[in-house]
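I opened a new notebook page for this chain. My plan is to look up a few residues, then the whole.

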Amino acid sequence: MSLKKLWTALRGAVNEGTEAIADSQSLRILDQELRDAKTELKACDENLTKIMAKRKLAENKASALQADIDNYTNHAIAASEKGDEALAIECAERVADLESQLEMEQSILQGFKSSETTLKSNISKAKANVRRMEQQIDQIKATESVQKAQVAVSSRHMGANSKVKTALDSMERIKAKQQQRAAELEAAEELATEESGSSLDAKLKQAGITPGGQVNGSDKLAQLLAKRTQA
């Protein structure tokens, strides 16, 4: 391998290692961002609750001001009808003052309502994004776990095949050794027979030179005819 190819291979290995570390860190970063987003959403819900409470107080105050306006308006009319113009004017001034307060309170109330509407919409969108992000992270983790399990099963399968092959090889070696040992025992027996002379005796018997050897039919018939002639 040339130096250029070796350098390219080393760079590739370093990049793959860096990407693997970055990928593992990415999941941790996403988990942390998800936790941060949930914490912020919880704070948003608390702020929304406070704004809704202030809106309700503003509504109650506006309702109370409107009730006072109606009450003093009736008093002004009643005083005017009775001819008490000074009291009627005083009640009318009170109505004017209350209407000014009501206008200010309604402006504040409208601000709370607008903030509440905007916050609810933004929080709803943020919660949807967090749920989508959480779902994707869970899916990535589940896929990672499944693939790790598949790799583990595949590795065990390959390991089992390797062990079976090793066992078969061992069995074949044992058979070869047994055959070698049997051949050696047979050779030793032949050697012992030759050394004791039994092999030579067997050859003599086989040749019919010494008794005890096998006799074929023709030889046996000749022996029988010879005995009858002698008799």
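Is Glu186 buried, partly exposed or exposed? I looked it up in the model, which is a predicted one. Glu186 has a relative accessibility of 49%, so I put it down as partly exposed. The cut-off for exposed is over 50%.

**Entry: the patch around Glu186.** I placed Glu186 in helix α2. Glu186, Glu189, Glu190 and Glu194 form a negative surface patch.

**Entry: the whole chain.** I stepped back for an overview. I found four helices and zero strands. Along the sequence the pattern reads α-α-α-α. Helix α1 covers residues 3-81, and helix α2 covers residues 85-196. The chain has 231 residues, and 10% of them count as buried. Its accessible surface is about 18,300 Å². Carbon and sulfur atoms hold 56% of that surface. I also checked the contacts between residues at least 6 apart in sequence. Of these, 74% join residues at least 24 apart.

Entry: Next I went to Asp31, which sits in helix α1. Its relative accessible area is 17%, so Asp31 is buried. The limit for buried is under 20%. Which residues does Asp31 touch, once neighbours within four places in sequence are left aside? I noted Ile137 and Lys141.

**Entry: salt bridges.** Side chains of opposite charge can pair when their charged atoms come close. How many salt bridges does the count come to? I wrote down eight. I took up three of them, one at a time.

I began with Asp45 and Lys127. Their side chains meet in a salt bridge at 3.3 Å, N to O. This pair links distant parts of the chain, with Asp45 in helix α1 and Lys127 in helix α2. The two residues are 82 apart. I checked the cover on each partner. Asp45 has a relative accessible area of 27%, so it is partly exposed. Lys127 is partly exposed as well, because its relative accessible area is 31%.

I went on to Arg55 and Glu59. Here too a salt bridge joins the side chains, at 3.3 Å from N to O. Both residues lie in helix α1. They are four residues apart, about one turn of the helix. Is Arg55 buried or exposed? Its relative accessibility is 12%, so Arg55 counts as buried.

Then I turned to Asp97 and Arg94. Their closest N and O atoms are 3.5 Å apart, and the two form a salt bridge. Asp97 counts as partly exposed because its relative accessibility is 36%. Arg94 is partly exposed too, with a relative accessible area of 34%. Both lie in helix α2, three residues apart, about one turn of the helix.

**Entry: a network.** Which residues do salt bridges with shared partners join into one network? I listed Arg55, Glu59, Glu116 and Lys120. The pair Arg55 and Glu59, noted above for its salt bridge, belongs to this network.

**Entry: recap.** Asp31 is buried and sits in helix α1. Asp45 and Lys127 tie helix α1 to helix α2. Glu186 belongs to a negative surface patch.

Methods: Residues are numbered from 1 along each chain as its sequence is written. This is a predicted model: local features need pLDDT of at least 70, side-chain atom pairs count only at pLDDT 80 or more; totals for chains, interfaces and linings use all residues. Side-chain values use heavy atoms; hydrogens and water are left out. Buried means under 20% relative accessible area, exposed over 50%, partly exposed in between (1.4 Å probe, protein chains only). Contact means heavy atoms within 4.5 Å. A salt bridge is a side-chain nitrogen of Lys or Arg within 4 Å of a carboxyl oxygen of Asp or Glu. Patches are made of residues with over 30% relative accessible area and no salt bridge: like charges are joined within 9 Å, nonpolar side chains (Val, Leu, Ile, Met, Phe, Trp, Tyr) within 5 Å. Accessible areas come from the Shrake-Rupley method with a 1.4 Å probe; for residues, only the protein chains shown count as cover. Lys and Arg count as positive and Asp and Glu as negative; His and the chain ends are not counted. The place of a charge is taken as NZ of Lys, CZ of Arg, CG of Asp or CD of Glu.
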